Amino acid sequence: MGCCSGRCTLIFICTLQLVLALERQVFDFLGYQWAPILANFFHIIIVILGLFGTIQYRPRYIVVYTVWAALWVAWNVFIICFYLDVGGLSKDSDLLTFNISAHHSWWGEHGPGCVRREMHQAPGVRTTDSQSYITVMGCLLGYQYIEVAHSGAQILVALLGFVYACYVVSAITEEEDSFDFIGGFDPFPLYHINEKSSDLLLKPMYPST
């Protein structure tokens with residue numbers, strides 16, 4: 001009963017992780033955040049693998065999911081430090097875009113209450129930049145805090161998945177060990193063979209007529 005409830009909970013957690021990862025992937029695509037896009041892609045694959053292992057009683061797949069859950073927590077801690085400018089990191093850098101472009105978080109221009117305005121340059125001014133630039137005003141919440149909230153939710157769910165995955169692996173392993181102990185995988189128990197062989201030894205031999 002405990003293993004069943006643990007499996008059901010882990011299945012729910014994996015499903016929730018898939019929903020959160022797909023939601024995050026959409027907004028990372030909109031912001032051209034290439035490093036998070038790759039991380040989310042691998043995360044979705046491993047979560048599907050863990051979900052399959054949980055449903056099909058494959059503890060090895062669940063172990064892979066468990067290891068990835070720990071790495072996923074570390075990655076989201078890095079994302080939080082990046083957007084909060086911790087440890088020499090800067091949210092204004094192009095680290096998450098691999099320095100390919102100057103794009104930043106999609107929430108920077110489309111957050112709650114944000115008003116996006118395109119300002120045109122003076123007619124006589126010529127620069128190598130675009131002819132217009134964008135200003136964002138009136139945001140009720142800074143985009144960095146929205147990204148931190150996303151990563152915080154990912155960490156919380158990943159920690160729950162890690163705990164329940166360890167529990168399910170332990171429960172499945174104990175069930176397999178107990179099944180082996182009672183001879184569940186022995187199709188021909190030895191006592192049947194010994195019984196038949198003793199009958200043959202005690203059976204009198206008469207010449208055939």
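Which residues does Y83 touch, not counting residues up to four places away in sequence? In this predicted model, the partners of Y83 are Q33, K91, L96, S105, Y143, Q144, E147 and V148.

## Overall architecture

The secondary structure of the protein consists of six helices and two strands. Read from the N terminus, these elements follow the order α-α-α-α-β-β-α-α. The protein has 209 residues, of which 32% count as buried. When contacts between residues at least 6 apart in sequence are considered, 66% of them join residues at least 24 apart.

## Annotated transmembrane regions

The unreviewed UniProt entry places the feature "transmembrane region" at residues 37-55, 62-86 and 153-172. In the model, residues 37-55 are 100% helix and 0% strand, and the end C-alpha atoms of this span lie 27 Å apart. Residues 62-86 are 88% helix and 0% strand, with 33 Å between the end C-alpha atoms.

Helix α3 covers residues 59-83. Just after α3, D85 takes a positive phi of about 60°.

## The largest nonpolar core

The largest nonpolar core contains 32 residues, and those that touch the most other members are L10, C14, I62, Y65, Y83 and L96. Two or more residues come from each of α1 (2-30), α2, α3 and α5 (143-181). Helix α5 gives the most to this core, with ten residues.

C14, one of the residues that touch the most other core members, is buried, with a relative accessible area of 0%. By contrast, C8 has a relative accessible area of 45% and is therefore partly exposed.

## Surroundings of Y83 and Q144

Y83 belongs to the group of core residues that touch the most other members, and its contacts beyond four places in sequence include Q144, E147 and V148. Q144 lies in helix α5 and is buried, with a relative accessible area of 14%.

Not counting residues up to four places away in sequence, Q144 touches Y83 and K91. K91 is also among the residues that Y83 touches. The C-alpha atoms of Q144 and L84 are separated by 6.9 Å, although these residues are 60 residues apart along the chain.

N40 lies in helix α2 (residues 34-55), and its position falls in the annotated span 37-55. What is the relative accessible area of N40, and is the residue buried or exposed? The value is 1%, so N40 is buried.

The side chain of N40 makes polar contacts with two side chains: that of Q25, at 3.1 Å, and that of D28, at 2.8 Å. Not counting residues up to four places away in sequence, N40 touches R24, Q25, D28 and W72.

## The disulfide

The structure holds one disulfide. This bond joins C114 to C139, with an S to S distance of 1.9 Å. The torsion about the S-S bond is about 125°, so the disulfide is right-handed. The pair links distant parts of the chain, 25 residues apart. C114 is in the loop between α4 (107-110) and β1 (115-120), whereas C139 is in the loop between β2 (132-137) and α5.

C139 counts as partly exposed, at 33% relative accessibility.

## Positive phi angles in the loops between helices

Y32 is found in the loop between α1 and α2. This residue has a positive phi of about 55° although it is not a glycine, and with a relative accessible area of 38% it is partly exposed.

Y57 is found in the loop between α2 and α3. Y57 likewise has a positive phi of about 55° without being a glycine, and at 40% relative accessibility this tyrosine counts as partly exposed.

How values were computed: Residues are numbered from 1 along each chain as its sequence is written. This is a predicted model: local features need pLDDT of at least 70, side-chain atom pairs count only at pLDDT 80 or more; totals for chains, interfaces and linings use all residues. Side-chain values use heavy atoms; hydrogens and water are left out. UniProt positions are given in the numbering used here, feature names are shortened, and annotations may be inferred rather than shown by experiment. Helices (H or I, at least four residues) and strands (E, at least two) are DSSP runs, numbered from the N terminus. Buried means under 20% relative accessible area, exposed over 50%, partly exposed in between (1.4 Å probe, protein chains only). A polar contact is a pair of N or O atoms within 3.5 Å; within protein, one must be able to donate a hydrogen and the other to accept it, and residues adjacent in sequence count only if both atoms are side-chain atoms. Contact means heavy atoms within 4.5 Å. The expected span of a helix is 1.5 Å times one less than its number of residues. A nonpolar core is a set of buried Ala, Val, Leu, Ile, Met, Phe, Trp, Tyr and Cys residues joined through side-chain atoms within 4.5 Å. A disulfide is a pair of cysteine sulfur atoms within 2.5 Å.
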